[in-house]
Amino acid sequence: MIALIDGDILCYRIGFATNEESESVAIRTMASFLEDLLMFDLNVSEWQTYLSGSTNFRHGVAVTAPYKGNRKGDKPVHYALLREYLELSWNGVVSNDCEADDEIAIAATSHGDDSIIVSLDKDFDQVQGWHYNFVKKDKYYITHDEGMFNFYCQFLTGDRIDNIIGVKGIGPVKARKLLEGKTEREMFATCAEKLGSVDRAIENGLLLHLQRTHGEVWEPPYEDAERESKRPQTTTVDSGSNTESISTSGE
């Protein structure tokens, strides 16, 4: 089994934890954490660490609010050093025009159940496969249907960390109640109704969806092949053109 490690979150957590320490202490802390994680917590012999690059297609998709526009805090003192260390010493991969999260989801899809996603980020709960929360030391499995359900729940709850706007007054519990037992098309229609428009639902889908192949663009579910043949303008990330309307009944 290969561990797919969210390097972004480690650089922040370990970076802030060692803000008052020297560079050597920061590096040793990161190394010690990863050694314990891989050898004792997961007992794996293969790993890949993922870091987000400087470009991300989602910035061109966000219309309602700037993507990650609420992130104004300072980075940890040793942030750049820890990124470089992970890239050079821990099999690091830097994403291009997407995020580390996308690269991890792509790798998890490719490796299947022979991989495990290591992170604290709830966004990964849309991805089928093994997951490991290294704070709670919780290993769990997400099925395809669970992943899709979790994905659509996020349409309604939004994502405060990434500045993706959901529906005011709808949290995780209410979102689950609204979508439980529905088909994908019905879930999309409910999200469009609650968000106020199909365009808003499509925007959230494009922002929230983690790629499963490089360059993949999420597409909303459609009623039938005829409707699907009319969909191209709704799926391009730079689209500002008219989108086809879908009623809340899914028709």
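Helices (H or I, at least four residues) are DSSP runs, numbered from the N terminus. The model is predicted, and local features need pLDDT of at least 70, side-chain atom pairs count only at pLDDT 80 or more, and totals for chains, interfaces and linings use all residues. Residues are numbered from 1 along each chain as its sequence is written, and side-chain values use heavy atoms, with hydrogens and water left out.

**Figure 1. Packing of helix H5 against helix H6.** Helix H5 (residues 144-157) and helix H6 (residues 172-179) have axes that come within 9 Å and cross at roughly 120°. Axes are lines fitted to C-alpha atoms, for helices over the stretch in contact, and angles run from 0 to 180 degrees between N-to-C directions. H5 and H6 are therefore oblique to each other; angles under 35 degrees count as roughly parallel, over 145 as roughly antiparallel, 65 to 115 as roughly perpendicular and the rest as oblique. On the H5 side, the contact (heavy atoms within 4.5 Å) is made by Phe149, Asn150, Tyr152, Cys153, Leu156 and Thr157. H6 contributes Pro172, Ala175, Arg176, Leu178 and Leu179. By class, the contact of H5 with H6 comprises 8 nonpolar, 2 polar and 1 charged residues. Here Ala, Val, Leu, Ile, Met, Phe, Trp, Tyr, Cys and Pro count as nonpolar, Asp, Glu, Lys and Arg as charged, and the others, Gly among them, as polar.

**Figure 2. Packing of helix H5 against helix H7.** The axes of H5 and helix H7 (residues 184-195) lie 9 Å apart, at an angle of about 10°. That makes H5 roughly parallel to H7. From H5, Met148, Phe149, Tyr152, Phe155 and Leu156 meet Glu184, Met187, Phe188, Cys191, Lys194 and Leu195 of H7. The contact of H5 with H7 has 9 nonpolar, no polar and 2 charged residues.

**Figure 3. The largest pocket.** The largest pocket has a volume of about 870 Å³. On a 1 Å grid over the protein atoms alone, a pocket is an open set with protein on both sides within 12 Å along at least five of seven lines, a cavity is a set of points where a 1.4 Å probe fits but cannot get out, and lining residues have an atom within 4 Å of a point. Grid points are joined across faces, edges and corners, and a volume is the space filled by probe spheres set on the points. Of the 30 residues lining the largest pocket, Asp8, Tyr12, Lys68, Arg71 and Asp162 are the closest to its centre. Helix H1 (7-17) and helix H3 (79-89) are the elements that give two or more residues to this lining, and H1 gives the most, with 4 residues. The lining divides into 7 nonpolar, 7 polar and 16 charged residues.

**Figure 4. The second largest pocket.** This pocket has a volume of about 390 Å³. Among its 20 lining residues, Gln126, His144, Met148, His209 and Arg212 lie nearest its centre. Helix H4 (100-111) and H5 each supply at least two residues of the lining, and the largest share, 4 residues, comes from H5. The lining has 7 nonpolar, 8 polar and 5 charged residues.

**Figure 5. The largest cavity.** The structure holds 3 cavities of 30 Å³ or more, and about 60 Å³ of space lies in the largest cavity. Its lining residues include Arg58, Glu99, Asp101, Asp123, Asp159 and Asp162, together with Tyr67, Ile164 and Leu207. The lining of the largest cavity has 5 nonpolar, no polar and 6 charged residues.
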